[in-house]
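Subject: Predicted structure for your review

Dear colleague,

Please find below the structure that I am handing over to you. My notes on its architecture and ligand surroundings follow.

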Amino acid sequence: MAVERLGVRFARIDPVTGKAFYLETFGCQMNAHDSEKVVGTLLAKGYNQVETPEAADLVLYNTCSIRDKAEQKVFNRLQNFKRAAGKNKVFGVLGCVAQQEGEKIFDRAPHVSLVAGSASYTRLPEMLVQLEAGNRRVTGLSLDTDETFDTPFTRRDNPHRAYITIIEGCDKSCAYCVVPFTRGPERSRTSESVMAEARRLAESGYSEIQLLGQNVNSYRDPSPAGWDFATLLARTAEVPGIRRVRYTTSHPRDFTKAIVDAMDANPVICNHVHLPVQSGSSRMLAAMQRLYTRDQYIERIAWIKNARRNMALTTDIIVGFPGETEADFEETLQLLDEVQYDSLFSFKYSPRPNTAALGMDDKIPDEEKTRRLMILNEKQRAIQIRRNTELIGGVEEVLVEGRHEALGQWIGRTSQNRTLNFTHPDAGGASLLGQYIDVRVTRSGPNSLAGESAANVV
Ligand code: SAH
Ligand code: SF4
Ligand code: F3S
């Protein structure tokens, strides 16, 4: 650990109002949930959360490094505050960029005092003490930990839907991906600890839980019970008070038929599978080291499509991986036709430090990546318009998650993870937030549906 002293940094802190922190989060749900844990830990240590970096004594960024653009964001933020540093403001970089760049961050942004990757967050209280004592450079970068970031202090953002980490890190080595470097090796939580958290959440009024991990399918209970992911999924769905269980994200290689069977057996498990494919070409999948072929992927899709319940399917796709020919890309387009995804996330390949793909030949020019991305997204948009139109006239149960005051609409989410905005003429001013309501779908667009509370439609 690097430690350099530079006077007491929290000198102006008012002992009555306490110390103020600001935290901005980038990246995936795992980062979002880590931030909820970081916030809980800081609040438990007597800090107050404030809404602007200007109002804070401690400014934290929980960062993402998945693509170059994501990484640049934190350095842009830090650049903006260069002059504020030293004037009683302490800056900290957490998360995946912290782990990846380590102490190099101090060179790029000398006003940063804390650099800590997610695998070191269990040491966060100790790191805070060092910062408060005036240590100018505090780092938490060890990856050789088999601990998970389990804390009693999580402060959740959403009052109805709660994330639960079941596995941290990743043991795969996809040729383009930084995650195994930024989040370390896989560590599963005990089933007992996961179940206890699910029960606690239900008791405190949460009705939806989302099981989180970079690869939830490779979950393996480290306790003697030895549950696999399908068992854990089935058991969490049996917790009294839990009405919806979601999970993300799945790696196709480890996705089993038992998961589909568990979903079929219990409607509490939402009928949505996010199964990132990355490419429709087996040649590209091999180059990406994804550990499955197109045919094996299609086999899993068939399990999902043959389920008794009507499952929504979504995916992630990378265009312009080194060596991707027009024919490879064409295979990805054909896969879209074949699978008919309900939604997808598409990305231009971005070269990342430490990864195997960094040294690969046959780089695809950026204009070509952009062209492929546009073609892909256009095709998917047409598919979504058609699929969403098919839902008009049907009734969907939504969990009410928000309100568009200006439009007089409630914002709901279906089990299939679609956004369904709806009117509810008889609400009489009462809040519907957190309730489950049947909504008749009356209109559709490429990305969402609109409707009316079914109780009001004859
Ligand atoms: N664990 C998940 C992926 C997490 S990252 C999985 O295995 O599917 C989320 C998505 O970001 C990936 O599915 C991939 O599509 C995209 N991604 C990851 N690295 C990338 C890179 N270097 N360039 C472009 N997209 C990338
Ligand atoms: Fe990255 Fe692959 Fe691990 Fe997903 S499975 S996090 S894409 S290395
Ligand atoms: Fe980004 Fe790290 Fe998540 S790189 S996508 S925040 S695991």
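Leaving aside its neighbours within four places in sequence, which residues is Ile166 in contact with? They are Arg187, Ser188, Arg189, Val194, Leu211, Leu212, Val216, Tyr219, Phe229 and Leu232, where contact means heavy atoms within 4.5 Å.

Before the remaining findings, some conventions. This is a predicted model, in which local features need pLDDT of at least 70 and side-chain atom pairs count only at pLDDT 80 or more, while totals for chains, interfaces and linings use all residues. Residues are numbered from 1 along each chain as its sequence is written, chains are lettered from A and ligands numbered from 1 in the order in which they are written, and side-chain values use heavy atoms, with hydrogens and water left out.

Nonpolar cores

Ile166 is also one of the residues that touch the most other members of the largest nonpolar core, together with Leu211, Phe229, Leu233 and Tyr247; this core has 54 residues. Apart from it lies another core of 20 residues, including Val59, Ala70, Phe106 and Ala109. A nonpolar core is a set of buried Ala, Val, Leu, Ile, Met, Phe, Trp, Tyr and Cys residues joined through side-chain atoms within 4.5 Å. Buried means under 20% relative accessible area, exposed over 50%, and partly exposed in between (1.4 Å probe, protein chains only).

Sheets and their helices

Helices (H or I, at least four residues) and strands (E, at least two) are DSSP runs, numbered from the N terminus; two strands pair if DSSP finds at least two bridges between them.

Five bridges link β7 to β10 (residues 208-212) in the parallel sense, and Thr165 has Leu212 in β10 as its bridge partner.

Strand β13 and its partners

Eight of the eight residues of β13 (residues 312-319) are buried, so this strand is largely enclosed by the rest of the structure. Ala312, Thr314, Asp316 and Ile318 point one way, and Leu313, Thr315, Ile317 and Val319 the other. Strand β13 runs parallel to β12, with three bridges, and His274 stands opposite Thr314. Six bridges join β13 to β14 (residues 343-348), also in parallel; Ile317 is partnered there by Ser346.

Ligand surroundings

A residue is near a molecule or strand if one of its heavy atoms lies within 4 Å of it. Around ligand 3 are Cys28, Asn31, Cys64, Ser65, Ile66, Cys96, Val179, Arg183 and Gln214. This shell divides into five nonpolar, three polar and one charged. Ligand 2 is surrounded by Cys170, Lys172, Cys174, Tyr176, Cys177, Val179, Pro180, Gln214, His251 and Arg290, which by class are six nonpolar, two polar and two charged residues. Here Ala, Val, Leu, Ile, Met, Phe, Trp, Tyr, Cys and Pro count as nonpolar, Asp, Glu, Lys and Arg as charged, and the others, Gly among them, as polar.

Thr249

Thr249 lies in the loop between β11 (244-248) and α9 (257-265). Thr249 is buried, with a relative accessible area of 14%. Beyond its neighbours within four places in sequence, Thr249 is in contact with Gly213, Gln214, Asn215, Val216, His274 and Pro276.

With kind regards
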